Structure formats: structure tokens, C-alpha cells
Amino acid sequence: MARKGVQLSQVVPWGRSLSEYAGMFALSEQDLTKDILGCADGPASFNAEMTARGRRVVSCDPLYIFSGREIRRRIDATFATMMSQMPITYTNFVWDAIPSIQALGELRMTAMETFLRDFARGRQRGRYVVSALPHLAFADGAFDLALCSHFLFLYAQHLAEAFHVAALRELCRVATEVRVFPLLDLDGQVSPHLDPALTALRRAGFQAAVRRVPYEFLKGANEMLVIERQ
């Protein structure tokens with residue numbers, strides 16, 4: 001029997017930290033020196049934390065069309081929705097690095113507050129760009145590495161197979177290497193779009209493989225998709 005996951009009617013803003021990105025995408029110190037695109041980053045603190053370390057990250061998301069005040073209102077509404085579902089779906093998660101629901105809430109809000117403090121300055125400097133898959137506002141090969149967290153594959157019921165294939169090919173257009181995490185849908189099952197996407201990418205001449213990562217919060221979500229040009 002499939003487990004019941006978090007119930008969402010649309011993509012929601014839910015921020016994650018640099019340390020989580022490092023785990024989700026198995027980022028090495030060398031990876032962190034690359035020119036990185038964070039696609040569908042939402043209110044993650046990844047960009048802000050990397051910028052504070054003197055690293056280059058550009059984040060893109062349609063969310064960035066809104067002001068910081070408007071994004072804060074959306075975060076407040078999302079936070080209440082997400083946290084209200086955690087007791088119901090508690091057993092779907094690994095409570096190890098994150099020991100409790102309260103700790104999860106604190107972790108998410110800390111990341112999102114860090115994003116909000118950085119957003120206006122970062123948008124002015126071109127670090128937060130209004131752009132959305134499957135058509136990104138960047139030149140071919142603009143980045144060494146593109147990261148896509150908790151968007152593709154996760155929202156399998158909302159986004160069709162054709163969208164996934166087009167989105168992944170677009171990420172491959174703008175970056176030399178692409179990493180996507182997680183590969184499960186909201187019910188904690190392997191996304192039905194994963195195998196068709198792998199087949200389409202390989203037929204198009206890309207190297208595409210599933211690799212284990214040192215991160216697991218949603219049970220079974222411990223793999224990423226890595227795509228590179230031949």
C-alpha cells in the first residue's frame with residue numbers, strides 16, 4: 001500500500017539551507033567553487049549563504065517577481081499548511097539530522113528568514129532572477145552546474161512527463177552538469193516520470209544516471225539524477 005504524503009494543490013515556497021543543499025546534491029568543496037544555477041530555489045538560503053562565502057550562485061524562480069513583503073506573506077501561509085500536515089505524515093520521514101517537528105520548523109524558518117534578508121539586495125545584483133522552466137532566461141552554457149531541488153519529479157501529479165523532459169533538456173542547455181533531487185513524488189514513490197526522462201535524455205546524447213547522496217529526510221529520498229553532456 002502506498003503511503004500518504006503531504007497533500008499540496010500547487011508548488012509551495014519552502015526554503016532549505018546550504019548544508020541541506022550540500023547533502024542533497026553531494027556537493028564537494030570543488031563543486032562549491034563552480035558557477036552555479038539554483039533552479040526553482042524559492043526561499044532557500046543557499047544563495048545568501050554561498051554569497052556570504054564569496055561564491056557565485058544565481059537563483060531563478062517565478063516567485064521572485066513578488067516583493068519581499070509579498071513573499072513573506074506566502075511563506076507565512078505555506079508554513080502553517082506544511083507544519084499542520086507533519087504530525088499526519090510523521091512516519092514518512094527520517095528524524096535523525098532533524099530530530100523533531102519543532103526542529104524542522106525552526107530550520108525551515110531560519111533558512112527562509114536568511115533568504116528574505118538577502119532578497120532585495122540579491123535581486124538588485126542579479127542573483128535572484130525571475131525565470132521558470134521549461135524556458136530559462138540564460139545563455140547556452142552559462143553555468144558549470146545547475147541544481148534543481150524539490151520541484152521536478154516531486155510534483156509528478158502537477159507536471160506532465162513532457163514538461164519534465166523539456167525542463168531537463170533546458171537545464172542541460174544552460175549548464176554543463178545538472179543535478180536534480182529528490183526523485184520521489186509527494187507520496188514518497190519513485191516518480192513515474194523518472195524512467196521516461198532517463199530514456200529521453202540518453203536518446204538525446206546525454207549521460208544520465210541516478211546516484212546515491214548522503215542525505216535522507218523523506219524516507220527513500222536519498223538519490224539524485226545527474227546529467228552531463230557526452
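Predicted model: local features only at pLDDT ≥ 70, side-chain atom pairs only at ≥ 80, totals over all residues.

Reader: Which residues of α6 are called buried?

Author: In α6, residues 194-203, they are Leu 194, Ala 197, Leu 198 and Leu 201. Buried means a relative accessible area under 20%.

Reader: Why are the buried residues of α6 said to line one face of the helix?

Author: Look down the axis of α6: the buried residues fall within an arc of 100 degrees, so they line one face. As a rule, an α-helix has 3.6 residues a turn, so residues three or four places apart point the same way. The face of α6 turned away from the buried side carries the exposed residues Asp 195 and Arg 203.

Reader: What covers the buried residues of α6?

Author: The cover includes α5 (161-174), β6 (206-212) and β7 (223-229).

Reader: What makes Leu 225 a buried residue?

Author: Leu 225 has 0% relative accessibility, and the cut-off for buried is under 20%, so Leu 225 counts as buried. Leu 225 lies in strand β7. Among the residues it touches, leaving out those up to four places away in sequence, are Leu 198, Leu 201, Phe 153 and Ala 208.

Reader: Why is α3 called roughly antiparallel to α4?

Author: Helix α3 (residues 68-85) and helix α4 (residues 101-124) pack at an angle of about 170 degrees, with their axes 11 Å apart. Angles over 145 degrees count as roughly antiparallel, so α3 is roughly antiparallel to α4. On the α3 side the contact includes Ile 71, Ile 75 and Phe 79, and on the α4 side it includes Met 109, Met 112 and Phe 115. By class, the contact of α3 with α4 has ten nonpolar, two polar and two charged residues.

Reader: How many residues does the largest nonpolar core have?

Author: It has 41 residues, and those with the most contacts inside it are Tyr 21, Phe 25, Leu 27, Phe 46, Leu 147 and Phe 181. The elements giving two or more residues to this core are α1 (18-24), α2 (46-52), α3, α4, β4 (143-149) and β7. The most comes from α4, with six residues. Phe 46 touches, among others, Tyr 21, Leu 27 and Leu 147. A second, separate core has 37 residues, including Phe 153, Leu 168, Cys 172 and Ala 175.

Reader: How do you know that Phe 153 is buried?

Author: Its relative accessibility is 0%, and the limit is under 20%, so Phe 153 counts as buried. Phe 153 lies in the loop between β4 and α5. Its phi is near 75 degrees, a positive value in a residue other than glycine. Most residues other than glycine have a negative phi, and most peptide bonds are trans.

Reader: Why is Ala 40 called buried?

Author: Ala 40 has a relative accessible area of 19%. Buried means under 20%, so Ala 40 is buried. The residue is found in the loop between β1 (36-39) and α2, and the phi of Ala 40 is near 60 degrees, again positive in a residue other than glycine.

Reader: What makes Gln 189 partly exposed?

Author: Gln 189 has 33% relative accessibility. Buried is under 20% and exposed is over 50%, with partly exposed in between, so Gln 189 counts as partly exposed. Gln 189 lies in the loop between β5 (175-181) and α6.

Reader: Which kind of peptide bond joins Phe 181 to Pro 182?

Author: That bond is cis, with omega near -5 degrees. Pro 182 is in the loop between β5 and α6. The peptide bond from Leu 133 to Pro 134 is also cis, with omega near 10 degrees, and Pro 134 lies in the loop between β3 (128-129) and β4.

Terms used: Residues numbered from 1 in each chain as written. Heavy atoms only, no water. Buried < 20%, exposed > 50% of the residue type's maximum accessible area, 1.4 Å probe, protein only. Helix = DSSP H or I, 4+ residues; strand = E, 2+ residues; numbered from the N terminus. Arc of directions from axis to C-beta. Contact = heavy atoms within 4.5 Å. Axes fitted to C-alpha atoms, helices over the stretch in contact; angles between N-to-C directions. Parallel < 35°, antiparallel > 145°, perpendicular 65-115°, else oblique. Nonpolar A, V, L, I, M, F, W, Y, C, P; charged D, E, K, R; others polar. Core = buried A, V, L, I, M, F, W, Y, C linked by side-chain atoms within 4.5 Å.
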